[in-house]
Amino acid sequence: MSNVGLLRLLQLQTKQRSMCNLTLCLLLFLTSSCSSLSTCPAQCLCESTVVNCESQNLTSVPQPLPENITTLNLNGNRILNLSNASFPRPLVHLTHLYVSGNQLQELDMAFKKLSSLRLLDLSDNRILQFSIEALHQDNKIEVLNFSKSLCNHSYIGVLADLFRHSLPKVSRLDLSNNDLVFLPEDIFTGLSELSLLDLRNNSLVSFRNVTSQNKALKELDLRDNAFKALSNETLSELYSIPNLRVRLAGNPWRCDCDIEYLLFWLEKQDFVTDRLNLTCASPRELKHVQLVHLEHSQLPCWSDNVDELNRVLEPSYVFLGLVLALIGVIFLLVLYLNRKGIKRWMYNIRDACRDHMEGYHYRYEINSDPGLANLSPNSDV
């Protein structure tokens with residue numbers, strides 16, 4: 001056989017092998033695709049590695065889930081608790097889990113087998129219990145959403161231990177819309193990589209010793225709370241965090257002497273990004289005045305308030321004096337009209353006292369004279 005023939009034969013064999021390899025790869029791809037589709041839960045829609053089970057009236061996590069799943073959407077169902085049985089086998093590729101709007105109450109060892117989880121959305125629930133053991137020991141969660149998720153503001157303690165010990169990688173934390181009144185001191189000390197903290201629309205009245213250890217923090221949202229003033233210690237704590245940006249609009253600022261520290265910081269520093277939106281809520285004469293345009297001389301201080309209070313109460317003092325004078329006149333009039341009865345009553349008291357004293361005097365004389373003491377009560381003296 002000539003060299004040309006051998007070359008053509010080799011080319012033909014190579015082409016046949018390539019076709020076989022391509023066919024084999026296609027069969028493997030179809031097999032894996034069919035396998036993935038076959039494990040898609042009946043109530044869900046599966047597309048590639050994303051499983052969408054949103055608003056299906058589910059009461060538990062649907063099974064079975066594909067092994068290669070990366071995103072699971074369970075929003076808008078009726079799942080009241082998540083436990084170890086919710087994810088019976090490891091899902092090492094699952095990175096995004098959405099469980100918003102489920103009225104979720106308890107989480108007990110729910111995410112132990114989700115070692116690759118990066119985003120966890122638990123917003124719009126009613127969490128009563130969140131065990132520290134719910135998460136994988138070396139979890140990699142970076143984004144955590146607890147917006148409108150606590151049963152009431154007192155359950156912040158449920159999450160305090162979780163933040164301190166179990167979430168070392170979290171960089172974005174949302175605690176907005178929870179009606180929080182206070183935050184335990186050093187609640188975020190365990191979140192060393194925290195860069196964004198959202199505390200909007202709560203009822204916070206103070207903010208102290210909360211973020212002093214979070215030097216990676218870049219954005220802090222405190223809008224729409226119940227702050228009336230911020231202490232110099234709080235403002236110094238916030239300023240000590242490099243490159244931090246704070247939002248404070250929507251709070252009912254009381255523009256008196258207590259707000260002088262905030263005015264000073266607004267004048268000298270620019271870490272409050274919405275400073276132009278900060279306005280006075282009280283007193284009435286300063287309502288809606290922008291804090292950046294407020295002069296220190298305009299602030300009503302305690303001495304001014306005392307003088308104003310005295311001016312307000314002065315008519316009340318006059319009225320009180322007139323009432324007391326009227327009561328005195330009525331009392332004297334009653335005494336005058338009942339003078340005879342009062343005089344008789346006084347005489348009776350005088351006679352009763354006299355008789356009583358004479359009895360004491362008689363007993364004293366008998367006890368002091370031995371001769372009288374031996375007389376019979378019926379003897380004539």
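Helices are DSSP runs of H or I with at least four residues, numbered from the N terminus. The exercises below concern a predicted model.

**Exercise 1. Determine which helices supply the nonpolar surface patch, and which of them gives the largest share.**

Solution. 
1. The patch on the surface is formed by Phe331, Leu332, Leu335, Ile342, Trp345, Met346 and Ile349. Together these residues have about 690 Å² of accessible area.
2. Two helices, α5 (302-337) and α6 (339-368), each contribute at least two residues to the patch.
3. The largest share, four residues, is from α6.

**Exercise 2. Locate Ser100, state whether Ser100 is buried or exposed, and list its contacts.**

Solution. 
1. Ser100 is placed in the loop that runs between β5 (96-98) and β6 (106-107).
2. The relative accessibility of Ser100 is 14%, so this residue counts as buried.
3. Leaving aside residues up to four places away in sequence, Ser100 touches Leu74, Asn75, Gly76, Asp121, Ser123, Asp124 and Asn125.

**Exercise 3. Identify the buried residues of helix α2 and the strands against which they pack.**

Solution. 
1. Helix α2 covers residues 156-165, and its buried residues are Ile156, Leu159, Ala160, Leu162 and Phe163.
2. These buried residues pack against the strands β8 (129-130), β9 (143-145) and β10 (172-174).

Terms used: Residues are numbered from 1 along each chain as its sequence is written. This is a predicted model: local features need pLDDT of at least 70, side-chain atom pairs count only at pLDDT 80 or more; totals for chains, interfaces and linings use all residues. Side-chain values use heavy atoms; hydrogens and water are left out. Patches are made of residues with over 30% relative accessible area and no salt bridge: like charges are joined within 9 Å, nonpolar side chains (Val, Leu, Ile, Met, Phe, Trp, Tyr) within 5 Å. Accessible areas come from the Shrake-Rupley method with a 1.4 Å probe; for residues, only the protein chains shown count as cover. A salt bridge is a side-chain nitrogen of Lys or Arg within 4 Å of a carboxyl oxygen of Asp or Glu. Buried means under 20% relative accessible area, exposed over 50%, partly exposed in between (1.4 Å probe, protein chains only). Contact means heavy atoms within 4.5 Å.
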